[in-house]
Amino acid sequence: MGTSFGRGGATTFQQDLQNADCIVVQGSNMAECHPVGFQWVMEAKARGAKLVHVDPRFTRTSALADAHVPLRAGSDIAFLGGIINHVLEKEKYFRDYVLSYTNASVILDEDFRDTEDLDGVFSGLNPETRSYDPRSWRYAGLEVQAAAGERDEEYEDRVESVSETGRGEAHGSGGAALGEGDPQRDPTLEHPRCVFQVLKRHYARYTPEMVERICGVPQDRFLEVCELITENSGRDRTTAFAYAVGWTQHTVGVQYIRGAAILQSLLGNIGRPGGGILALRGHASIQGSTDIPTLFNLLPGYIPMPHAHAKEGLDAFVQAEAARKGFWGNMRSYLVSLLKAYWGDAATEDNEFCFDYLPRLTGSHSTYETAMAQIDGTCKGYFLMGENPAVGSANAKIQRLGMANLDWLVVRDFSLIESATWWKDGPEVETGEMRTEDIGTEVFFLPAAAHTEKDGSFTNTQRMLQWHHQAVEPAGDARSDLWFMYHLGRIIKERLAESDDEMDRPVRELTWDYPTKGRLDEPDAEAVLAEINGRGPDGAPISAYTELKPDGSTSCGCWIYAGVYADGVNQPARRKPGTEQDWIAAEWGWAWPANRRILYNRASADPEGRPWSERKALVWWDAENGKWTGHDVPDFVPDKAPDYEPPRGAEGPDALAGNDPFIMQADGKAWLYVPTGLMDGPLPAHYEPQESPFTNPLYGQQRNPVRHLLPPHPDNRYEPSGDAPGAGVFPFVATTYRLTEHHTAGGMSRWQPYLAELQPEFFCEVSPELAALRGLEHSGWATIVSARGVVEARVMVTERMAPLVVDGRPLHQIGLPYHWGPNGYARGDAANELLHMALDPNTHIQEAKALDCDIRPGRRPRGPAALALVRGYRERAGISDETGMDV
C-alpha cells in the first residue's frame with residue numbers, strides 16, 4: 001500500500017467498516033483471528049451490507065458471509081485480476097475518480113514491455129542476478145529518480161543498472177520519488193501506452209474461465225462476487241477490503257495487496273467512508289513495531305535505512321530518497337529531527353547531525369539471512385524478544401541449526417519456550433543430528449513482564465495508539481522490555497564512557513537520560529512517548545509533523561507520531577466514551593498521522609471539494625471559511641483550495657495541487673501502475689507459488705522470477721513443481737493458519753491450562769474425499785511430509801476443506817494451524833517444520849500459505865527414521881541443490 005497510496009498502514013479504521021455496503025475479507029479469517037474488530041463487520045451486515053469471504057477453508061467468517069468462495073491457496077492474484085478485468089471490460093469503474101485521483105491517464109515510456117509481451121516477465125529482467133532494471137517502467141517525459149528497492153545479497157549487481165544512490169525499498173514509506181519534468185497524459189484514457197490501456201491489456205486474459213482454471217472457483221460464483229463488489233461501489237456506495245497474513249505470506253505477497261489497491265482505486269473506494277483497505281495485524285502492536293521499527297531496513301516513520309556502499313552524506317541521502325513533490329519532500333526535516341532525538345546536542349549542522357552514526361545496510365538482514373549467517377558463523381549473538389523461531393519461523397530446523405552455532409543467545413519471554421530449550425530437547429537431539437554436550441551456545445533466559453505489568457502503548461491494526469497502565473509490579477526477576485533495553489544501554493554507555501575509540505562515539509553520545517521510578521528503576525514510558533512526539537525550539541512538545549524543521553531546531557523520535565503528546569497530554573490515554581462523540585471517535589486514543597482515522601480522505605470529495613455524495617460525505621471544502629472541514633481530520637493541507645495550482649518549480653507540499661489527495665505520493669495520485677519502488681514489477685501478475693502441483697496457464701514463466709531464494713542448504717530443499725519430474729511425489733497443497741484459542745507460536749497460550757484444554761493438540765483439516773483417498777480416520781493420526789521435514793497431527797475430517805477442480809483435475813488441500821511445539825501444556829509438532837524459505841522479494845516474508853506435501857495415515861517415525869523418511873521422499877522426487885532454483 002505504500003507504493004500504491006503513499007503509506008503502508010491501513011487506509012481506514014475498523015469502526016468505519018460499519019459504513020460499508022460490501023466487505024470482502026480475503027487472506028484473513030477475521031471472525032476467529034480478529035474477533036473484536038469483526039463486530040463492525042456484523043454491524044455493517046445489520047445495516048444491510050454484503051459480506052464476501054474468499055478463503056481455502058470454510059471458517060466462522062465464512063459461516064457469517066453472504067458468499068464464501070473457496071479457492072486454491074496461492075492463486076489470489078488471478079482472482080483479483082479477474083475482478084479487475086470485469087470492472088474494466090464492463091465499464092464498472094468510477095471514471096471521474098479514476099481520471100482525477102489516479103495515474104490512469106499517464107503515458108508510459110515506449111520501452112516498457114508487459115508480461116503479455118514477454119510471456120510472464122516485465123522488461124528489464126536480468127536472469128543472472130534475479131533482478132529488474134526498472135528504467136523502462138518509467139513515465140514518458142519523466143525520468144524516474146530512484147530505483148526499485150535494493151536490499152538483498154545481490155545488491156551490488158543491482159546498483160550497476162541504477163543510480164549510485166538508489167532508493168532502498170521500504171514498504172510503508174510511500175511511492176518512490178519521481179524525477180524532474182511533467183509526465184505525458186491522455187485525459188481521454190485512449191492512448192495505447194497510457195496506464196489505463198496498459199492495465200486493460202494486462203488483465204484481458206484474466207477471464208472467468210481463466211479464474212476457474214487457476215483458482216478452482218466456478219464461474220458463476222466468481223461473477224456473483226464481481227457483481228456484489230461493483231454494485232456496491234461508486235458515487236453513492238463503497239466496498240471495503242480486509243486482509244491479513246493470508247495475503248502477505250507468499251512469494252508475491254506484496255502484489256496481492258497491490259491487486260486490491262488497483263481494484264479499490266478503480267472503484268473509487270479509497271479515502272471514503274465504508275471503503276479502503278484494512279490491513280489486519282496479528283496482535284496488539286505489530287503496526288507499532290513497523291512504525292518504530294524492529295525491521296532491519298527502516299528507520300522510524302518509514303525513513304529508509306542508508307546503505308553502506310553509497311558513500312553518501314546527509315544531503316545526498318535526502319536527495320536520493322526524498323520525493324520532490326508531496327509531504328515526503330520534507331524528508332530532511334523528519335530525518336534531522338530524528339537524529340536530534342537520537343544524539344541531542346552532539347548532532348550539529350557541522351557534523352551533518354550525526355548522520356554518519358547511523359548503521360548502514362550491507363544487504364538483507366531478515367530473520368532468514370540472519371539464521372544462515374549464524375550457520376555460517378558470521379552472526380555470533382542473538383536477542384530473542386517476543387519471538388519463538390525454534391517453532392514459529394519458516395523451516396524451524398534452520399533456525400535451530402543457526403542458534404546452535406552462536407556464541408550466546410538471550411531469550412526474554414514469559415515461559416521456557418522452545419527457543420530457550422532446543423539445545424536439550426529439540427528435534428535434532430532426538431534424531432541424533434545434535435548432541436547437547438557438543439553445542440557451544442551459552443543460553444540466557446530472562447523472564448519478561450506482561451503488558452499488565454508495565455506502562456506503555458499499543459499501536460493497533462488501524463494505526464491507533466492506546467495507552468495501557470501498569471496494573472501490578474512484575475513478579476520475581478521479570479522485567480519489562482523497556483527496563484531491559486534502557487538498563488542494557490545504560491550499562492554499555494557507562495562501560496564505554498572513557499573509550500577513545502571513534503567506533504564507540506555513536507554510543508557514547510547517544511541521548512539516554514530517561515527518568516526512572518519505583519523500586520525496580522523502571523524507565524518512565526511517558527517520557528519515551530514525549531521523546532517520540534518531539535520538541536520544538538523552546539523544548540515544548542510539538543503538535544504536528546508540519547512543525548518539524550530541517551535545521552536541527554526540532555527533535556522527533558518518529559515523525560508520523562508527532563502530535564501524540566501534543567500540549568504535554570498523553571493522547572493515547574484518552575478514553576472518551578463512544579456515546580459522547582460521533583462515529584469517528586477522535587477522542588479515543590490517537591491515530592497516526594495527526595489523529596486522522598481515514599487516510600487520503602480528500603478523495604472523499606470531488607475535484608471541486610464537494611462530497612461525491614451526501615451519503616458518503618467525510619471531508620469537504622468550506623469556501624466561506626477557506627478550509628477543509630468534515631467528520632475526520634482532513635488528510636490535506638488545511639487551507640489549500642480545490643482549485644489551487646502549484647507554481648512552476650514548487651516542491652514538497654507546495655507542489656501538490658488542490659486535487660491531489662494522495663499527499664505522500666510523488667505525484668499526488670494513487671498508483672494503478674507503479675513505475676518504481678517494487679522489486680517484482682509495476683503490475684501484479686499471476687505466478688505459481690514456489691511449490692505448486694500445477695503449471696502456470698497464463699504465462700511460460702512459472703514463478704515470480706525475482707522471488708527471494710536463500711542459498712542452497714541441505715535442510716532447505718525446494719520441491720519440483722508443475723509438470724517437472726518428481727512433482728507428483730508431493731501431490732497436495734498445505735496452508736497454515738491460526739486459531740482463536742492460541743497466539744502465534746504459542747509462547748503465551750500453550751502454557752495456559754484453559755486454552756490448552758480448548759485446543760490441546762496439533763491437528764490437520766482434510767476433506768472426506770482426501771481421507772478416503774489416503775485412508776485417514778477422524779481423530780486418528782496422520783503423517784505430513786515435505787522436502788524439509790515430517791510432522792504428525794491428529795486428523796480432523798471436515799467438509800470445511802472442500803476439494804477443488806483446478807486446471808481440469810481435482811486438488812486436495814490440507815489445513816495446518818501453526819501454534820504448536822514440544823513445550824507447554826498443549827504439545828505437538830510444529831507446522832513450520834514443513835516450510836521452505838522462499839520469500840517475497842520486497843518484504844522478505846516467507847511463503848507459509850501455500851506449499852506442496854504428502855499425507856499418509858499413522859504416526860511419524862522417530863529418531864533417525866524420521867530423517868530417513870524425508871530423505872526417501874527427496875530421492876523419489878529427484879530433489880537436488882538446483883531444484884526449484886530456476887528463474
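1. The side chain of Ser4 makes a polar contact with the side chain of Arg258 at 2.9 Å, where a polar contact is a pair of N or O atoms within 3.5 Å; within protein, one atom must be able to donate a hydrogen and the other to accept it, and residues adjacent in sequence count only if both atoms are side-chain atoms. This is a predicted model, in which local features need pLDDT of at least 70 and side-chain atom pairs count only at pLDDT 80 or more, while totals for chains, interfaces and linings use all residues. Residues are numbered from 1 along each chain as its sequence is written, and side-chain values use heavy atoms, with hydrogens and water left out.

2. Ser4 belongs to helix H1 (residues 2-5); helices (H or I, at least four residues) and strands (E, at least two) are DSSP runs, numbered from the N terminus. With a relative accessible area of 1%, Ser4 is buried, a word that stands for under 20% relative accessible area, whereas exposed stands for over 50% and partly exposed for the range in between (1.4 Å probe, protein chains only). Leaving aside residues up to four places away in sequence, Ser4 touches Arg258, Ala261, Gln665, Lys669, Ala670 and Trp671, contact being defined as heavy atoms within 4.5 Å.

3. Strands E10, E11 and E12 form an open sheet in that order, with parallel pairing; two strands pair if DSSP finds at least two bridges between them. Strand E10 (381-385) and strand E12 (442-447) each have a single partner strand, so one side of each is left without a neighbour in the sheet. Neighbouring strands of this sheet are turned by 10° against each other on average, direction ignored. Strand E11 (residues 408-413) pairs with E12 over six bridges, and Val410 stands opposite Phe444 in E12. Helix H21 (residues 481-496) lies across E10, E11 and E12, and runs at about 150° to E10; axes are lines fitted to C-alpha atoms, for helices over the stretch in contact, and angles run from 0 to 180 degrees between N-to-C directions.

4. A second open sheet has the order E13-E14-E17, and its pairing is antiparallel. Its edge strands are strand E13 (456-459) and E17, each of which pairs on one side only. E13 and strand E14 (residues 464-468) are joined by four bridges, and Ser457 stands opposite Trp467 in E14.

5. Helix H9 (residues 208-215) packs against helix H10 (residues 219-231) at an angle of about 115°, with their axes 9 Å apart. Pro208, Glu209, Val211 and Glu212 of H9 make the contact with Gln219, Phe222 and Leu223 of H10. These residues divide into four nonpolar, one polar and two charged, where Ala, Val, Leu, Ile, Met, Phe, Trp, Tyr, Cys and Pro count as nonpolar, Asp, Glu, Lys and Arg as charged, and the others, Gly among them, as polar.

6. Some backbone details deserve a check, because most residues other than glycine have a negative phi, and most peptide bonds are trans. Cys354, although not a glycine, has a positive phi of about 65°; Cys354 lies in the loop between helix H15 (331-343) and helix H16 (367-376) and is buried, at 1% relative accessible area. Asp807 has a positive phi of about 50° and is found in the loop between strand E25 (804-806) and strand E26 (809-811), where Asp807 is partly exposed at 29% relative accessibility. A cis peptide bond, with omega of about -5°, joins Trp592 and Pro593, and Pro593 lies in the loop between strand E17 (590-591) and strand E18 (619-622).
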